[in-house]
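Student: I am new to this structure and would like a close look at a single part of it, taken slowly. Could you walk me through the aromatic rings and what surrounds them?

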Amino acid sequence: EYYHETDPLDSASSPVPHYYVDAAATSGGDGSRATPFDTIQEGVDACTNDFDIVEAASGIYQGAGNREIDFGGRRILMVSREGAADTLIDCESAARAFIFDSGEEKESAVSGFDIENGFTADNGAGIYCSGSSATILHCTLAHHQATGMGGGIYNTNGTLRIIDSDIRENSAASGAGVYTYNGDTFLINTLIEENESSVKGAGIY
């Protein structure tokens with residue numbers, strides 16, 4: 001917020017988003033509030049500056065462009081307008097939800113989404129992080145399934161900050177909730193519950 005000249009100590013002061021996304025929008029929008037993009041990936045790809053903000057309207061985000069969401073190294077904030085209770089990213093058991101493997105930093109952030117039903121025959125069905133960093137705030141990660149490691153979150157050689165979030169009912173061979181290898185995963189005020197592992201570490205490995 002300091003970067004955008006707003007006051008983080010004032011709840012009435014918040015930066016204006018640079019791009020808008022709405023699952024109910026018609027395709028072909030330009031990302032403005034009047035004609036938003038209809039997929040989250042379009043909003044991410046439109047960002048060309050550090051600390052750009054993409055705001056998603058409430059709704060259910062499904063299909064191509066709303067899974068395997070890749071920040072491509074961008075330091076941006078992807079935030080929902082109404083919070084996780086009203087903003088669902090449903091991967092439909094077809095793919096991962098978010099990928100951070102292009103050298104993203106802690107300023108690459110996702111805030112206020114219910115992220116569900118990711119699937120991979122490899123590692124990391126919900127959040128996949130490799131050699132990068134990211135911050136996840138005010139999110140729910142639920143019902144993700146990885147055949148390998150990390151149903152909800154997989155982090156190798158990276159740094160993840162999970163804040164004020166809920167990681168539940170995910171499954172994997174090991175680390176069904178959270179799997180970290182040669183990296184740092186900071187869990188702050190985050191609930192981990194009812195995850196199921198077939199080998200080791202149902203909650204955290």
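Which residues do ring pairs link into a cluster?

Tutor: Please keep in mind throughout that this is a predicted model. The cluster you ask about consists of Tyr 128, Tyr 154, Tyr 179 and Tyr 205, which are linked by ring pairs. A search of the whole structure finds seven aromatic pairs. One of them joins Phe 98 and Phe 100, whose ring centres are 6.3 Å apart and whose planes meet at 5°, and because planes under 30 degrees apart count as stacked, this pair is a stacked one.

Both partners of that pair can be followed into the interior. Phe 98 has a relative accessible area of 0% and is therefore buried, and Phe 100, also listed at 0% relative accessibility, counts as buried too. The two belong to the largest nonpolar core, a set of 33 residues in which those with the most contacts include Phe 98 and Phe 100, along with Ile 40, Phe 71, Ile 89 and Phe 113. Among the elements that give two or more residues to this core are strand E7 (98-100), strand E11 (127-130) and helix H1 (40-46), and H1 gives the most, with three residues.

Leaving aside neighbours within four places in sequence, Phe 98 is in contact with Ile 69, Phe 71, Ile 89, Val 110, Ile 115, Gly 126, Ile 127 and Tyr 128, and Tyr 128 is one of the residues in the cluster.

Not counting residues up to four places away in sequence, Thr 120 touches Arg 96, Ala 125, Gln 145, Ala 146 and Thr 147.

For a contrast with these buried residues, turn to strand E22 (residues 196-200), where the number of buried residues among the five is zero, so the strand lies largely in the open. Strand E22 pairs in the parallel sense with strand E18 (residues 171-174) over three bridges, and within these strands Ser 174 stands opposite Lys 200 in E22.

Conventions:
Residues numbered from 1 in each chain as written. Predicted model: local features only at pLDDT ≥ 70, side-chain atom pairs only at ≥ 80, totals over all residues. Heavy atoms only, no water. Phe/Tyr/Trp six-rings, centres within 6.5 Å; stacked < 30°, edge-to-face > 60°. Buried < 20%, exposed > 50% of the residue type's maximum accessible area, 1.4 Å probe, protein only. Helix = DSSP H or I, 4+ residues; strand = E, 2+ residues; numbered from the N terminus. Pairing = 2+ DSSP bridges. Contact = heavy atoms within 4.5 Å. Core = buried A, V, L, I, M, F, W, Y, C linked by side-chain atoms within 4.5 Å.
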